[in-house]
Amino acid sequence: MIERLVPDGLWELFQRVVPEAPTRPQGGGRRRHGDREVLAAIIFVATTGCTWAQLPPVFGPSGPTAHRRFTEWSRARVWAKPHRLVLDELGSRGELDWSRCAIDSVNMRALKGGDLTGPNPVDRGKKGAKIHLITDRAGLPISMAISGANLHDSQALQPLIRAIPPIRSRRGRRRRKPGKLHGDKGYDYNHLRRWLRERGIIHRLARKGVEFSKRLGRHRWQVERTMAWLAGCRRLHRRYERKAEHFLAFAGIACALICFRRLTK
């Protein structure tokens with residue numbers, strides 16, 4: 001079970017970013033569970049959507065222990081780093097296609113409220129959260145952010161572009177901007193087009209009252225498929241975490257797993 005959830009390649013990447021275990025006084029305390037066992041338990045919670053209390057004993061660490069380590073690593077901002085390492089490896093192999101990227105978002109209900117939530121305009125004003133995403137031409141997530149459900153999509157475009165990490169290329173310098181960016185009518189603003197042009201990014205943002213929905217799907221279906229891939233991390237179907245850093249951690253785990261699957265093909 002542990003080797004299936006955390007294969008050797010993923011474990012090697014995670015070892016490069018996981019902080020060292022704190023030193024313990026000799027002769028006291030319980031044995032600290034291994035990081036690989038705990039990581040497998042966290043991925044199980046993320047992908048199955050079970051609660052920490054429902055974590056099966058086969059992993060070794062209990063639910064509270066896994067949650068405590070998850071919180072510790074979230075505070076250390078660990079979860080975005082494996083995603084970046086996988087992107088670096090994909091980029092060095094030439095498997096990232098920057099020629100036609102796409103931007104989109106997905107809403108989910110926040111059952112317990114918490115940080116970075118807001119009234120969802122498409123869910124009768126109930127508390128909700130939103131995941132914003134930029135993908136490459138094949139649908140691999142290269143930039144991700146979270147917000148309250150009431151944040152307009154257009155306000156996330158600039159932060160998402162700025163958040164793209166410098167990713168290795170097969171040849172030449174690292175890259176951190178798409179050649180072309182597709183977006184739906186939620187991004188139909190002249191100041192965003194002007195901002196993208198200033199950075200040398202060709203914009204293909206749909207215009208209200210001009211492009212039809214069927215035409216929009218020609219180059220944006222990859223990002224919509226990636227949103228469906230995110231749903232494979234069942235902990236993202238609904239937001240149960242009151243703390244934004246915990247919800248962001250689960251989204252980061254999902255993005256890392258999506259990219260790692262491509263890496264191992």
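Is Cys-233 buried or exposed? In this predicted model, Cys-233 is buried, its relative accessible area being 4%. The sulfur of Cys-233 lies 9.3 Å from the closest cysteine sulfur, that of Cys-255, which is too far for a bond. Cys-50 is likewise buried, with a relative accessible area of 11%. A disulfide is a covalent bond between the sulfur atoms of two cysteines. With a cut-off of 2.5 Å between sulfur atoms, the count of disulfides in the model comes to zero. Cys-50 accordingly takes part in no disulfide, and the nearest cysteine sulfur, belonging to Cys-233, is 11 Å away.

Around Leu-181, when residues up to four places away in sequence are set aside, the touching residues include Cys-101, Ile-134, Leu-157, Leu-196 and His-203.

Most residues other than glycine have a negative phi. Arg-77, however, has a positive phi near 55° without being a glycine. Arg-77 is located in the loop between helix H4 (63-75) and helix H5 (80-92), and it is exposed, at 70% relative accessible area. Leu-116 is not a glycine either, yet its phi is positive, at about 55°. This leucine, Leu-116, occupies the loop between strand E1 (101-109) and strand E2 (118-119). With a relative accessibility of 46%, Leu-116 counts as partly exposed.

Definitions and conventions. Residues are numbered from 1 along each chain as its sequence is written. This is a predicted model: local features need pLDDT of at least 70, side-chain atom pairs count only at pLDDT 80 or more; totals for chains, interfaces and linings use all residues. Side-chain values use heavy atoms; hydrogens and water are left out. Contact means heavy atoms within 4.5 Å. Helices (H or I, at least four residues) and strands (E, at least two) are DSSP runs, numbered from the N terminus. Buried means under 20% relative accessible area, exposed over 50%, partly exposed in between (1.4 Å probe, protein chains only).
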